[in-house]
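These are my notebook entries on one structure. I set down what I looked up, in the order in which I looked.

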2 protein chains.
Amino acid sequence: MAFEYEYQHPALAADCVVFGFDGSELNVLLIKRGIEPFINCYALPGGFVHLDETIDECARRELYEETGLRDVFMEQLYTFGALNRDPRERVVSVAYYALVRSTDYAPEGGTDAAQAGWFKMNQLPPLAFDHLEILKTAHQRLKNQIRYRPVGFELLDLKFTMTQLQTLYEAVLAKKFDRRNFSSKILKTGVLDVLDEKVQNTAYRAPRLLSFNRPKYQELTEKGFNFEI
Amino acid sequence: MAFEYEYQHPALAADCVVFGFDGSELNVLLIKRGIEPFINCYALPGGFVHLDETIDECARRELYEETGLRDVFMEQLYTFGALNRDPRERVVSVAYYALVRSTDYAPEGGTDAAQAGWFKMNQLPPLAFDHLEILKTAHQRLKNQIRYRPVGFELLDLKFTMTQLQTLYEAVLAKKFDRRNFSSKILKTGVLDVLDEKVQNTAYRAPRLLSFNRPKYQELTEKGFNFEI
DNA sequence: CTAACTTTGCGTATCAAAAACGCAAAGAAT
DNA sequence: ATTCTTTGCGTTTTTGATACGCAAAGTTAG
């Protein structure tokens, strides 16, 4: 016992909800806990905030330590402060929400990240603490964000097809769109570049590849752009 | 010195950004600090989280203690965790955002709330800590929320005129609307009841009074309603 | 090799909502 | 009585959303 305070202080943690997209379904990154409480139970990557780091830095550090992932799109989600979230002591957790390209990350055996893995959003294992509630909050945020941010930037490969982009939207929003309207609507915004390149080795007609045009996207978001589908 | 921990813990506080509307301009509630640091400087109402209360409860308690306000619409905004926000020790602050009817609240002299007061959003005094940054974040949230929540519920009197409602939207969004389109668009949603009552003692033609229809609003928000103007 | 089939890419027709604005009645001010 | 401002209700015009037709690309199957 080393640190003393005049008043009681809660412990402060950061937890990360990392979404990935595998081409057809939305996935979330979970780790298997190696310590009590909830040992061997799945949980969101996260841990306690150090006094010499910001909460954002903590979230990135813990994510890297527990899964090997870094340099991902990440933003603060919500702070969870119920009284008995953690059986050990009062812990307040600042939750973060992150998006990664699935192809950029496969959990590797034999490392700290060996216990990390992707889970389909509709086949989740039981989660430690209030992490299911945090995850549901993050999913809601993703559903909102996809309307006014091209989250495909973070979730798809640099080059992708229109069908892949539409599948992502349909997976996130759990809703179907007309292929032709989806395509023309999203092309009309100008945030996509049509590449002079086609997918190789496809069944039937090969689709052309697309990429996001970041400067154009920046320009549009600055004047209150809406990606509504 | 009474409380000991194995690891260092930051202090945890909650601060409230309370917006009010006086009929023509957007206001924010500030208190004059009576203690160091930043003594006599204006700041957001707020204080440290007790270990036997949630952060939400803390925000409501502090707001009541410092301004006398209670039972207001309030929701969590963002958590601010920069390293040197507070010169005393590491303090992480969970910011809340609240809306009140100006007529429901006038700071009273001779009470704990004597130091509280409304300030116009475009005539703010210097603020303590990083409270200006918090305030700007809250204003941005209000601008977003007014699109899909009838924030007039919280900011206007129970009975109001269409012009007052439009003035509120124009004050929040810093944008002008066509009077006739604004009126028909918002009436068409059904969230307003047209009362069989007119304003008394007006210059020129007396406008009719309106009120929000809460059940209708609830019904619409549940099916993904959009109040976009 | 040819026919069938699936996906893709581009187009148009139809429908609904947003934006612009005309106009007269209410009712105080002169 | 006349002027003037605000209010309330409408129409026209323009824009955007939705539904869907169709042929070309290019693979699969006979």
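The entries below concern a predicted model.

**Entry 1: the contact between the chains.** I began with the interface. I found 29 residues of chain B in contact with 29 residues of chain A. The area buried between chain B and chain A is about 3000 Å², and carbon and sulfur atoms give 59% of that area. I then looked for charged pairs across the interface and counted zero salt bridges between chain B and chain A. For polar contacts, the count between the two chains is 13 residue pairs, with both residues at pLDDT 80 or more.

I next asked which strands of chain B supply at least two residues each to the side that touches chain A. They are strand 1 (3-5), strand 2 (11-21), strand 6 (73-80) and strand 7 (91-101). Sorted by class, this side of chain B has 16 nonpolar, seven polar and six charged residues.

Entry 2: I followed strand 1 in both chains. Strand 1 (residues 3-5) of chain A pairs with strand 1 of chain B in the antiparallel sense, over three bridges. Within this region, I noted that Y5(A) has F3(B), in strand 1 of chain B, as its bridge partner.

**Entry 3: the relation of the copies.**

**Entry 4: salt bridges.** Over all chains, I recorded 21 salt bridges. One that I looked up joins the side chains of E75(A) and R141(A), at 3.5 Å from N to O. This pair links distant parts of the chain, 66 residues apart: E75(A) belongs to strand 6 (residues 73-80) of chain A and R141(A) to helix 2 (residues 131-148) of chain A.

**Entry 5: backbone geometry.** Most residues other than glycine have a negative phi, and most peptide bonds are trans. I therefore noted the departures below. The bond joining E36(A) and P37(A) is a cis peptide bond, with omega about -5 degrees. P37(A) lies in the loop between strand 3 (26-32) and strand 4 (42-43) of chain A. In chain B, the peptide bond from E36(B) to P37(B) is cis, with omega near -5 degrees. N201(A), a residue other than glycine, has a positive phi near 55 degrees, and I located N201(A) in the loop between strand 9 (192-198) and strand 10 (208-212) of chain A.

How values were computed:
Residues numbered from 1 in each chain as written. Chains lettered and ligands numbered in written order. Predicted model: local features only at pLDDT ≥ 70, side-chain atom pairs only at ≥ 80, totals over all residues. Heavy atoms only, no water. Contact = heavy atoms within 4.5 Å. Buried area = accessible area lost by both parts, 1.4 Å probe. Salt bridge = Lys/Arg side-chain N within 4 Å of Asp/Glu carboxyl O. Polar contact = N/O pair within 3.5 Å; in protein donor to acceptor, adjacent residues only side chain to side chain. Helix = DSSP H or I, 4+ residues; strand = E, 2+ residues; numbered from the N terminus. Nonpolar A, V, L, I, M, F, W, Y, C, P; charged D, E, K, R; others polar. Pairing = 2+ DSSP bridges.
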